[in-house]
Each structure stands twice: as C-alpha cells, then as structure tokens.
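The sequence and the model are shown first, and the description follows.

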Amino acid sequence: MFDTVIAGGVIISAHDRYKPLTGSIGISGGRIEYAGTALLTKADGKEFVDARGKIVMPGLVNGHCHGDMGFAKGGADNMTLGEQMKDFAVHNWFLDYITDEDRYFARQHTYAEALLSGTTLLMENMYWSLGNCSQKAFKEIGLRGALAEDARYDFYKSDGFLTSDMLNDFKNECQVNGLIPVLGTLPEEEFSHERLEKVRDMTQNCGCFFTSHLAETTWRCDAARKNMGVSPVKALKHSGLLNDHYIGSHAVYLDSEDIRLMAACGAKVVNTPVCEMKIADGLAPVPEMVRAGVVVALGTDGAMWSNSNDIFREMKCMALVHSLHSGARTFTARDVLDMATINGAKLFGLEQDLGTIEQGKLADIILIEAHRPHMTPLRTGEAENVSSNIVYCATGADVSDVFVGGRHLVKDHRLPGVDLQTIQQHTFETAEKVFTLSQNN
C-alpha cells in the first residue's frame, strides 16, 4: 500500500516531453514509487487524492527571489533599478524601518504565496544578510529552500567578508534544516581583482553553489569593464568563478563570447522576465543561451520588482516576449516548462531527484484545475494542448494541491496548519508602517 495515491489526473513531465498520460501516481517514503496508466483506487493508499479534471505535473522552481520584500508590493512601480538604489539608500532599503520579526513574516508571506501557486523549491537571495528567519520561515511553511547568504556580513562594507567559521556555521545550519546552502557573491560595481579572488577562495572552501546578479543593467556592466577591463562574465572567468556551481541571475547583457564561456564552464542562469520588463532592465538573450547549451531556469525576483511570486506568469512572459522579439517559433510551451521544472532542479544538481515525475524521484508534485473556463478545452489526444494551456492559460490560482517530498502541504487551495491570516495581517501592518515612514522622511 502506498502512503498517498493521486489518481485519474492528466500527468505531464519533462522526461517524456510532456506527453499527456491519464493515470495515477503512488507515493511512499516521500518518493514516487509508481507513475503510470494504472487507475489506482482508495484501497491502494493511506491517503487518496482524486485528480480527475486536473493536470498533474512536477512542482515549479523559483530560482531567484527576495522574500524580505513580501511587504513591498507596489513600492517601486515605474522606477528603474538605478533610481531605486538612489532613492532607497536613504533608509537602507527599508531596513531602518523594520524589525527581524517583520522580515520573518514577510518571508513567510512570500513562501506561502509561492507554495500556493505551485512553487515547491525556491532560492531565497540575501537581503541585509539572512539571519535565521529564512530557515525558520521555510520550516514553518514547508517549502523546499535554497538559501543564498551574502559573502559579506554587511553589503555596505565592501570588504567585510564572512569568516571561515561563519561560512561553516551557515552551511551546517542549512544542512541540519534540509536547505541548500548558497553563497551570494558580488555585484559588478564591487568587482576588483582582490575581492573576486577572495570570493573564489570562499567558494572553494565552502564547496557550495554560489550566485550573483549578472549583467543585469548597462551601468553594472560598465562598472565591471571600468574595474576589470572586461565584461562581467569574462571577469568571473579570469577570477576562477565561472564553473558548474555558479548561478547567474538575470544575465541580460551578454555577448556571444560571454554565452560561449558560460556554456563551456557549465554555468547556469536564472532569468526573471517579468522583473526585467517592469524595471526596464532589458531583454536577455535567452534563445541564444539555450541554443548554446546554457541551462536557463526561471525566477520571480522580489515582490517589489515583479509584484508576484507566480512562476506561471513568468512562463507566459518568457514565451511571449521572445516570440515578439525573435519570432513566433522561438520557444515552444515545452521549452518553457523545462525552464520552470527540470532546469530549476539542474541549478542545484538535483535533476536525479527533482524536476520530473518518475519512479524513485522525490514527490514534489502539483495539481492544476483543468475544468475552469479559461482552461477549456483541454485536449489529450493527438492534437493535445495540455502544455499550451499550462503556459498560456493557467495561473498560480489554478493550483489546487501541492506535495513537497510527499507531504500534502496545499489541500484544495488551502495551507492547513499555517495561520495565513496572521501572516498576511503582519505583512500588511509592516507595509503600512514602512511606506508611511518613507513618505514622511
């Protein structure tokens, strides 16, 4: 008998190129024990989930998010990143106005929003250093997490790097809490030969994945060329920081040689298309990266830069913006689904455990309502449109159920055991406080 049976849904997965399969999934010990066409029944599992009228697919991966900004939706509309950095420096990007408790609830809010909309693995990027509230928030919500801690204990002190003991403590705490440790490295305006060498030594000693905001804006690229004489990618390459443990976020301003180097070194990219458009960063050469063999995954960035933690929106935006720019056949819906699922797993070398619905893999699975008007008609025959409906029609609000490691965390659009009302209320109160103070100062 399985621990959980999910039966009667339309199953899609990257491993067979999203060919729709009506059948069942049996979960035991947190992993997929069976996935196939057999119609399992209530007698086959301790828990039974009727998935008729639903699409069953792997959980989504959000490879770049700033959970602290859960309170700041709408707080930077109609502003570029450069304008934000100038205007928000006066209050240290709101840090002067908030408490650690405010940050904890903001992260809980972000993670709850992400989980309810089908994200099962999220990378939290440092903001004023993580502290331990992210670990606690991940544990409370149940979302699978990767934590990117800043290489510096204070990002306003360019040379205040974490000590070896600090790094080891961070790595150990992550592993104890079932989280993936990631080192957040320098923005291009902080590049120097000495600092990059220091960061390289830190990454080698830590042995974990590392990430940075890469070639996000023209002025950051200009800063790298001024400081290092070459593009950001080439500076990372020359400093020994471009390898298969590196995850570059955004990657908007890359030339063909940058892309070739990224592919040759096994470096990976998280693109956040909604954010890139909202703050007018620019359009990343994602088609060129994909053709070169660079693994590209998706992220939302923080709520202040995209106003949402819904990866479905990122999928649709990715497909549409590159169709407009590079032609209607640039990406298929399946290509974009790869970015949201299996490529997200590849960011952290987890493709053997996550990203597809296959026997032996961890049971990170989501169910999507397929009977609603905007999802109709759903065809599963030779002229099937399941992948198309997911990318072009669905939103996170259509996700009814979410499993993480076999744990049924979202049930019928709800988070049982999570006091979502309190989380939302605290986040609202933080927003009211922050924006009242910022307007008066």
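## Overall build

Of the 441 residues in the protein, 61% are buried, where buried means under 20% relative accessible area, exposed over 50% and partly exposed in between, with a 1.4 Å probe and protein chains only. The model is predicted, so local features need pLDDT of at least 70 and side-chain atom pairs count only at pLDDT 80 or more, while totals for chains, interfaces and linings use all residues. Residues are numbered from 1 along each chain as its sequence is written, and side-chain values use heavy atoms, with hydrogens and water left out.

The radius of gyration of the protein is 21 Å, which agrees with the value near 22 Å that a compact globule of 441 residues would have. This radius is taken over C-alpha atoms, and the globule rule is 2.2 Å times the number of residues to the power 0.38. Along the principal axes, the C-alpha atoms fill a box of roughly 65 × 45 × 40 Å. The protein exposes about 17400 Å², of which carbon and sulfur atoms supply 49%; accessible areas come from the Shrake-Rupley method with a 1.4 Å probe, and for residues only the protein chains shown count as cover.

Among the contacts in the protein with a separation of 6 or more, 74% are between residues 24 or more positions apart. Contact means heavy atoms within 4.5 Å. The secondary structure comprises 16 helices and 16 strands; helices (H or I, at least four residues) and strands (E, at least two) are DSSP runs, numbered from the N terminus.

## The eight-stranded sheet

Eight strands form an open sheet with parallel pairing, in the order S6-S7-S8-S9-S10-S11-S12-S13. At its edges stand strand S6 (60–65) and strand S13 (296–298), each with a single partner strand, so one side of each has no neighbour in the sheet. On average, and with direction ignored, neighbouring strands of this sheet are turned by 25° against each other. Helix H12 (residues 311–326) packs on the sheet, where H12 touches S6, S7, strand S12 (268–271) and S13, and the direction of H12 makes about 85° with that of S6. Axes are lines fitted to C-alpha atoms, for helices over the stretch in contact, and angles run from 0 to 180 degrees between N-to-C directions.

Strand S7 is mostly covered, with seven of its seven residues buried. S7 pairs with S6 in the parallel sense over four bridges, and five bridges join S7 (residues 119–125) to the parallel strand S8 (residues 144–150). Two strands pair if DSSP finds at least two bridges between them. Leu 121 of S7 is the bridge partner of Val 61, and Leu 121 also stands opposite Arg 144 in S8. Met 123 stands opposite Ala 146 in S8.

## Aromatic pairs

A search of the whole structure finds nine aromatic pairs. Rings of Phe, Tyr and Trp (its six-membered ring) pair if their centres lie within 6.5 Å; planes under 30 degrees apart count as stacked, over 60 as edge-to-face and the rest as tilted. Two of these pairs involve Trp 93, as the table shows.

| Ring pair | Centre distance | Plane angle | Class |
|---|---|---|---|
| Phe 88 and Trp 93 | 5.3 Å | 75° | edge-to-face |
| Trp 93 and Trp 305 | 6.1 Å | 40° | tilted |

Trp 93 lies in the loop between helix H1 (81–88) and helix H2 (100–116), and Trp 305 in helix H11 (residues 303–306), so their pair ties together parts that are 212 residues apart in sequence. Phe 88 is buried, as is Trp 93. The relative accessible area of Trp 93 is 6%, and Trp 305 counts as buried at 4%. Ring pairs link Phe 71, Phe 88, Trp 93, Phe 94, Trp 305 and Phe 435 into a cluster.

## Two loop residues and a covered helix

Met 79 has its place in the loop between S6 and H1 and is buried, with a relative accessible area of 16%. Not counting residues up to four places away in sequence, Met 79 touches Gln 84, Asp 87, Phe 88 and Ile 279. The C-alpha atoms of Met 79 and Ala 280 are separated by 8.3 Å, although these residues are 201 residues apart along the chain.

Leu 350, in the loop between helix H14 (342–347) and strand S14 (365–369), counts as partly exposed at 22% relative accessibility. With residues up to four places away in sequence not counted, Leu 350 touches Ile 180 and Ala 345.

Helix H13 (residues 333–340) is mostly covered, with six of its eight residues buried, including Val 336, Leu 337 and Met 339.
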